[in-house]
Amino acid sequence: FLAVGLIFLTLLFGGHWWSAIPGFTLVGLGALILLPESLSDFGGAVFLGGIGLSFWVVYFTSRVERWWALIPAGVLTALAVMIVVAEHYENIGGAVFLGGIGLSFFAVYLSGRAERWWALIPGGVLITLAGVTIAAENFGEFQTAGFFFFGLAITFLLVALLANMRWAYWPAGVLGIMGMLGIASLLEFANYFWAVALIGAGGFMLFRYFTRR
């Protein structure tokens, strides 16, 4: 496996970018076989990391044309890191995986901000979900939902500010209010917050009713 992988890597230096994928895959498989028994638990991380490295190489050989390689590179790298982290911290393994994929989408955005602004949305959603997996173990369902909506609000706010998409202010505002209501339930004055919010909404409706002709 190591020998065949090195052959593919030799082709890589000749300009055949596709050879990086089977090259690093076979090298990773060969390294997996050679791992000592004490490190066998990390074999999957070594193998997936090898494949992920191939996509990183594909991207860096031509950043403009092969920006798509950032997505599989991020997913495979996140999987490898998750395996290592889960050995010691099982509770945050899922958060590491989702957060790693989210960061790969932010990298896609940075590779071409004008035409790939859309990558901000899946990036923000995945990082939000990573935070929710941790919040779910420490807070109630209502508060966790608040964190989720607040994270989505920040995501759309980034779309509005960084991509100059004015329509994104609307979902950012609505989701932000929903998120704040959920997070506010953690505080002692949550009942007062709800009361003020309801009175304010009702007062606005009555104001519109009496002022419209």
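This is a predicted model: local features need pLDDT of at least 70, side-chain atom pairs count only at pLDDT 80 or more; totals for chains, interfaces and linings use all residues.

**Entry 1: Trp17**

I began with Trp17, which is partly exposed at a relative accessible area of 27%. I found Trp17 in the loop between H1 and H2. Which residues does Trp17 contact, leaving aside its neighbours within four places in sequence? I listed Leu12, Val58, Thr61, Arg66 and Trp68. I also checked Ser62: Trp17 and Ser62 are 45 residues apart in sequence, and their C-alpha atoms are 9.1 Å apart in space.

The protein chain has a mean pLDDT of 84, and 91% of its residues reach 70 or more. Where is confidence lowest, and where is it highest? I noted the lowest mean, 73, in helix H1 (residues 2-12), and the highest, 93, in H5.

**Entry 2: H2 and H3**

Next came a helix pair. Two packed helices are described by the angle between their axes and the distance between the axes. For helix H2 (residues 20-34) and helix H3 (residues 43-61), I wrote down an angle of about 160° and axes 8 Å apart. H2 is therefore roughly antiparallel to H3, since angles over 145 degrees count that way. The crossing of H2 and H3 is right-handed. On the H2 side, the contact includes Ala20, Ile21, Phe24, Thr25 and Gly28. On the H3 side, I picked out Gly43, Gly44, Val46, Phe47 and Gly50 among the contacting residues.

**Entry 3: H4 and H5**

I moved on to helix H4 (residues 70-86) and H5, whose axes come within 8 Å and cross at roughly 155°. That angle makes H4 roughly antiparallel to H5. I noted a right-handed crossing for H4 and H5. Residues making the contact include Leu70, Ile71, Gly74, Val75 and Ala78 of H4, and Gly93, Val96, Phe97, Gly100 and Ile101 of H5.

Then I checked the length of H4. Its 17 residues should span 24 Å at 1.5 Å a residue, and the end C-alpha atoms are 24 Å apart, which agrees. Which residues of H4 are buried? My list reads Leu70, Ala73, Gly74, Leu76, Ala78, Ala80 and Val85. The buried residues of H4 pack against H3 and H5.

**Entry 4: H5 and Ala95**

Among the buried residues of H5, I noted Leu98, Ile101, Phe105, Phe106, Val108 and Tyr109.

I stopped at Ala95, which is found in helix H5. Is Ala95 buried or exposed? Ala95 counts as buried because its relative accessibility is 11%, and the cut-off for buried is under 20%. Not counting residues up to four places away in sequence, Ala95 touches Ala130, Thr133 and Ile134. I checked Leu76 too: Ala95 and Leu76 are 19 residues apart along the chain, with 15 Å between their C-alpha atoms.

**Entry 5: Asn164**

My last stop was a backbone angle. Most residues other than glycine have a negative phi. What is phi of Asn164? I read a value near 55°, which is positive, in a residue other than glycine. Asn164 lies in the loop between helix H7 (141-162) and helix H8 (169-184). With 57% relative accessibility, Asn164 counts as exposed.

Terms used
Residues are numbered from 1 along each chain as its sequence is written. Side-chain values use heavy atoms; hydrogens and water are left out. Buried means under 20% relative accessible area, exposed over 50%, partly exposed in between (1.4 Å probe, protein chains only). Helices (H or I, at least four residues) and strands (E, at least two) are DSSP runs, numbered from the N terminus. pLDDT is the predictor's confidence in each residue, from 0 to 100. Axes are lines fitted to C-alpha atoms, for helices over the stretch in contact, and angles run from 0 to 180 degrees between N-to-C directions. Angles under 35 degrees count as roughly parallel, over 145 as roughly antiparallel, 65 to 115 as roughly perpendicular and the rest as oblique. A crossing is left-handed if the near helix is turned anticlockwise from the far one by less than a right angle, and right-handed if clockwise. Contact means heavy atoms within 4.5 Å. The expected span of a helix is 1.5 Å times one less than its number of residues.
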